[in-house]
Number of protein chains: 4
Amino acid sequence: MDDIVQSAADAKVFSHTIRVRWADCDPARIAYTGRIPNFALEAIDEWWRVRIGMDWFHGNVDHNVGTPFVHLSVDFRSPITPRFPLICEVRLLKVGDSSVRFSVRGLQNDILCFEGEFVEVFVEADAHRKMSAPEDIRRKLEALVID
Amino acid sequence: MDDIVQSAADAKVFSHTIRVRWADCDPARIAYTGRIPNFALEAIDEWWRVRIGMDWFHGNVDHNVGTPFVHLSVDFRSPITPRFPLICEVRLLKVGDSSVRFSVRGLQNDILCFEGEFVEVFVEADAHRKMSAPEDIRRKLEALVID
Amino acid sequence: MDDIVQSAADAKVFSHTIRVRWADCDPARIAYTGRIPNFALEAIDEWWRVRIGMDWFHGNVDHNVGTPFVHLSVDFRSPITPRFPLICEVRLLKVGDSSVRFSVRGLQNDILCFEGEFVEVFVEADAHRKMSAPEDIRRKLEALVID
Amino acid sequence: MDDIVQSAADAKVFSHTIRVRWADCDPARIAYTGRIPNFALEAIDEWWRVRIGMDWFHGNVDHNVGTPFVHLSVDFRSPITPRFPLICEVRLLKVGDSSVRFSVRGLQNDILCFEGEFVEVFVEADAHRKMSAPEDIRRKLEALVID
């Protein structure tokens, strides 16, 4: 039964692969620090697209649902290079009334390169005013939380 | 005497102004989340250039002193727009044997937009191997810490 | 009299200085190719702000005047590094009924690093529909053309 | 026989798909101008990786073969949005003694969004000195030219 619980949790982890390129690297021959939060953000936007069916563009422009970030933190564990694909694992950690918290871990060649947390809040996109998560989105989100 | 202490601390705060542009903004008409750590990093690189006389490029390429980041965290307090200059205040909070910790606060029109902390470690740039801060740099750094 | 003509033309050249940074450089230790059109675009946006009093953000958001690009070309003459300021010279070459053409030259330490041409067209920002340049803007533009 | 010639040419066209995102868009809700040359450059770097077996990072760092750009030009035909995948078609147009010329066309939903040309030259990466294309690379390149 623990195995079943584990495999349900595994299924909720979302993997997004990024090819790190010359364009991402600085003269130290590794991905520039400022690129790395952007890798994580790309993985989260892709999570929304695939898991919820609504990425940030569609949410804002088509549904008036904005989800700006109020927090991000990243610990850099190992340099990121173009030599291996960068696997970004996204986990939805928590759904509040009007916020969501994700963790993102980035791995290359089975080595942890970075891990971080990212918090978004729900706003009416046009008014930029805080709101509760729309009911249909909340239901989808709650089913995806990893305990 | 408190005034003297205060003004010495004020003098250690470094201000770097960034003009936020159309290019930085997303369809919500505010600076994209992923740009904001980059604003803070630019302010820290400028701090190195002005306060220590050695920015990241010169440190790495000319002096073999690399200072990669091991941590960053940012709280987003208010949206950033092209309507006002973005004043980034950099404070050196702590100098360890082989690391430095900064805070960066970003303000527009006297409103706090973001605040965050950023930790760099010293490495031999060519070998990417941890080292103690070089003695001349450490002396300059220690004089700039804000208690 | 030739001197007077020359100095009037000189006054129409707009200079915008960019500090090239570690963040802009690739492992070849020079500014990454993809950054360079962005330097030129930044200089043009600043030209609009200073010379016309309306940068791209204000034009689009406050005045419903969009000016998307239909063309850009850049010749790269010499590598760009963080060792010198990058002076971007912007010249307004031509004003058509619904378009403007700029040249941008980038220099470091008196050496030409890049030169390019950039063409924008006027559109109603909300409808993204081509239009003639608004009369007040056209008058300002025409006075700034460099023959 | 014309069909055979045509299908050989088709096989030489390289397609690279980019997912355009919120992060790429400006307040006009379309991909920012300055991002678009970067999309094309990504497609060319991927071309090198897949077709030659050596992307820019590996060429520079592992083989001392640099290929900096001396020219790029882009015509923007239609706005680029997150609503459709962006298909970038790369064609190798010409191989000179020490240069290569590509065209890149970007399409969304069968509509041409941009087309451009990009020229790289061969240099010894460490010395940044012009050189002829290495013989093994030149042979691969010549077989891929689209007449």
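Between chain B and chain D, 2 residue pairs are in polar contact, with both residues of each pair at pLDDT 80 or more. The model is a predicted one.

**Interface of chain B and chain D**

- Chain B contributes 8 residues to the contact, and chain D contributes 8 residues.
- About 810 Å² is buried between chain B and chain D, with carbon and sulfur atoms accounting for 75% of this area.
- On the chain B side, the most area is lost to chain D by B:Trp22, B:Pro27 and B:Tyr32, which together supply 65% of what that side buries.
- Sorted by class, the side of chain B that touches chain D consists of 6 nonpolar and 2 charged residues, with no polar residues.

**Interface of chain C and chain D**

- In this interface, 22 residues of chain C are in contact with 22 residues of chain D.
- Chain C and chain D bury about 1,800 Å² between them, and 63% of that area comes from carbon and sulfur atoms.
- There are 10 residue pairs in polar contact between chain C and chain D, both residues being at pLDDT 80 or more.
- On the side of chain C that touches chain D, two or more residues each come from helix H2 (36-52), helix H3 (56-63) and strand E3 (69-76) of chain C.
- Strand E3(C) provides the largest share of that side, namely 8 residues.
- The class division for the side of chain C that touches chain D is 14 nonpolar, 7 polar and 1 charged.
- Strand E3(C) also pairs with strand E3 (residues 69-76) of chain D, in the antiparallel sense and over 5 bridges.
- Within E3(D), D:His71 is the bridge partner of C:Asp75.

**Open sheet in chain C**

- Chain C holds an open sheet of 3 strands in the order E2-E7-E8, with antiparallel pairing.
- Strand E2 (65-66) and strand E8 (129-130) of chain C are the edge strands, each pairing on one side only.
- Strand E2(C) and strand E7 (residues 123-124) of chain C run antiparallel and are joined by 2 bridges.
- C:Val123 in E7(C) stands opposite C:Gly66.

**Helix H3 of chain A**

- In helix H3 (residues 56-63) of chain A, the buried residues are A:Trp56, A:Phe57, A:Gly59 and A:Asn60.
- The elements covering these buried residues include helix H2 (36-52), strand E2 (65-66), strand E3 (69-76) and strand E6 (111-121) of chain A.
- The N-terminal end of H3(A) is capped by A:Asp55, which places a side-chain oxygen 3.2 Å from the backbone nitrogen of A:Phe57.

- D:Ala31 belongs to the loop that lies between strand E1 (14-18) and helix H2 (36-52) of chain D.
- D:Ala31 counts as buried because its relative accessible area is 6%, and the cut-off for buried is under 20%.
- Leaving aside residues up to four places away in sequence, D:Ala31 touches D:Val20, D:Asp24, D:Cys25, D:Asp26, D:Ile36, D:Phe39 and D:Ile80.
- D:Thr81 is 50 residues from D:Ala31 in sequence, whereas the C-alpha to C-alpha separation of D:Ala31 and D:Thr81 in space is 5.9 Å.

Technical notes: Residues are numbered from 1 along each chain as its sequence is written. Chains are lettered from A and ligands numbered from 1 in the order in which they are written. This is a predicted model: local features need pLDDT of at least 70, side-chain atom pairs count only at pLDDT 80 or more; totals for chains, interfaces and linings use all residues. Side-chain values use heavy atoms; hydrogens and water are left out. Buried means under 20% relative accessible area, exposed over 50%, partly exposed in between (1.4 Å probe, protein chains only). Helices (H or I, at least four residues) and strands (E, at least two) are DSSP runs, numbered from the N terminus. Contact means heavy atoms within 4.5 Å. A polar contact is a pair of N or O atoms within 3.5 Å; within protein, one must be able to donate a hydrogen and the other to accept it, and residues adjacent in sequence count only if both atoms are side-chain atoms. Buried area is the accessible area (1.4 Å probe) that two parts lose on being put together, summed over both. Ala, Val, Leu, Ile, Met, Phe, Trp, Tyr, Cys and Pro count as nonpolar, Asp, Glu, Lys and Arg as charged, and the others, Gly among them, as polar. Two strands pair if DSSP finds at least two bridges between them.
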